[in-house]
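Please view the sequence and the structure below before reading on.

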Amino acid sequence: MLNLTMEWLMVAFVALLLASQVHSEEILYEHLISQIQACPKECHCPPSFPNAVYCDNKGLKRIPDIPPYTWYLYLQNNLIDVLSADALRNATQLRWINLNRNKITSEGLEADALKAMSNLVHLYIEDNLLTSIPSPLPAKLEQLRLSRNRISKIPPGVFSGMDHLTLLDLQGNKLQDEAVTEVSLKGLNNLIQINLAKNQLNTMPLGLPPTTTQIFLDSNNIEKIPAEYFKGLPKVMSLRLNHNKLANGGIPKNVFNLSSILDLQLSHNQITEIPVISSGLEHLHLDHNKIKSVNSSDICPPGALDDYFDEKGPRLRYLRLDGNEIKPPIPRELMMCFRLLRAIVI
């Protein structure tokens with residue numbers, strides 16, 4: 001009896017200490033006591049971080065009852081195969097849930113399992129067995145990470161009303177061209193980053209919103225880029241097309257001459273000539289292609305050699321050309337053109 005009393009006194013003492021440290025907007029004193037007492041026996045609830053519940057690496061086959069004032073829930077590296085609507089019925093304040101490396105299937109993810117999480121902003125279900133993007137999704141979601149599943153379908157309307165979603169990671173799935181369309185991506189009005197690397201795409205994805213700044217398409221089977229593809233994407237800053245099947249015949253002359261782009265990666269393709277780039281580009285990766293020579297008149301933006309001290313000159317700082325058929329030395333005109341160049345790999 002004495003030991004039990006001492007245990008409760010310790011809980012109360014810790015709670016009192018934390019109550020003075022925790023901001024009133026984060027968790028109230030009575031909620032703090034409730035959170036500590038309701039911590040599942042399978043999990044760890046650190047008193048110094050009362051909004052977090054750690055249930056990772058426990059060999060769990062089901063989700064335990066989660067305390068109601070949990071904001072951050074870590075369930076990665078378990079054996080969970082079902083996410084039921086009842087599993088998280090009390091955890092309505094969740095902001096962040098990590099379900100990576102489990103065995104969740106699309107059939108095991110009940111239709112309303114995520115709907116009740118009205119405050120969720122980060123959802124991680126990477127390295128599972130999903131075949132379709134979950135639906136419906138929480139409306140406040142900002143980051144959706146579903147890489148390395150078996151997703152081949154994007155249900156129409158799944159992103160409807162998802163105005164807060166800025167990051168969509170679908171790399172390492174089984175998406176083909178017919179799955180990634182303007183219809184399937186409709187609703188991503190504020191998307192910033194999309195990762196479609198390591199899928200089964202043969203063409204550039206359609207329907208990306210004009211807010212997109214980062215596009216990752218590595219390790220697909222893309223052979224060509226439509227001439228007007230970036231016309232509706234005025235904010236693209238980073239474009240990765242490494243490990244595709246691009247050749248110069250599939251790259252229109254000025255398709256990469258974009259004022260917004262800073263980072264262009266075209267490694268491991270079949271390119272034989274350096275494409276036209278914009279003066280604002282800072283990083284260019286062209287390694288492991290079939291380029292035989294570097295002609296400074298082709299790569300250097302017009303007028304760049306006219307005034308050596310022009311602050312508006314080319315901004316290129318990093319250039320990779322290794323793994324091609326280029327032989328030294330590097331043309332002097334190339335160095336004169338790109339005066340900010342800090343590293344060149346050849």
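**Aromatic rings and their partners**

Arg240 lies over the face of Phe216, 4.0 Å from the ring centre; a charge sits over a ring if NZ of Lys or CZ of Arg is within 6 Å of the ring centre and within 35 degrees of the ring normal. The model is predicted: local features need pLDDT of at least 70, side-chain atom pairs count only at pLDDT 80 or more, and totals for chains, interfaces and linings use all residues. Residues are numbered from 1 along each chain as its sequence is written, and side-chain values use heavy atoms, leaving out hydrogens and water.

**Ring pairs**

- The whole structure holds 6 aromatic pairs, where rings of Phe, Tyr and Trp (its six-membered ring) pair if their centres lie within 6.5 Å, with planes under 30 degrees apart counted as stacked, over 60 as edge-to-face and the rest as tilted.
- One of them is the tilted pair of Phe49 and Tyr72, at 5.4 Å centre to centre and 35 degrees between the planes.
- In the pair of Tyr229 and Phe230, the planes stand at 90 degrees and the centres are 5.1 Å apart, so this pair is edge-to-face.

**Accessibility**

- Tyr229 is buried at 11% relative accessibility (buried means under 20% relative accessible area, exposed over 50%, partly exposed in between, with a 1.4 Å probe and protein chains only).
- Phe230 is also buried, at 5%.
- Phe49 is partly exposed at 31%, and Tyr72 is partly exposed at 22%.

**Cluster**

- Ring pairs join Phe49, Trp71, Tyr72, Trp96 and Tyr124 into a cluster.
- Over the face of Trp71 lies Arg95, at 3.8 Å from the ring centre.
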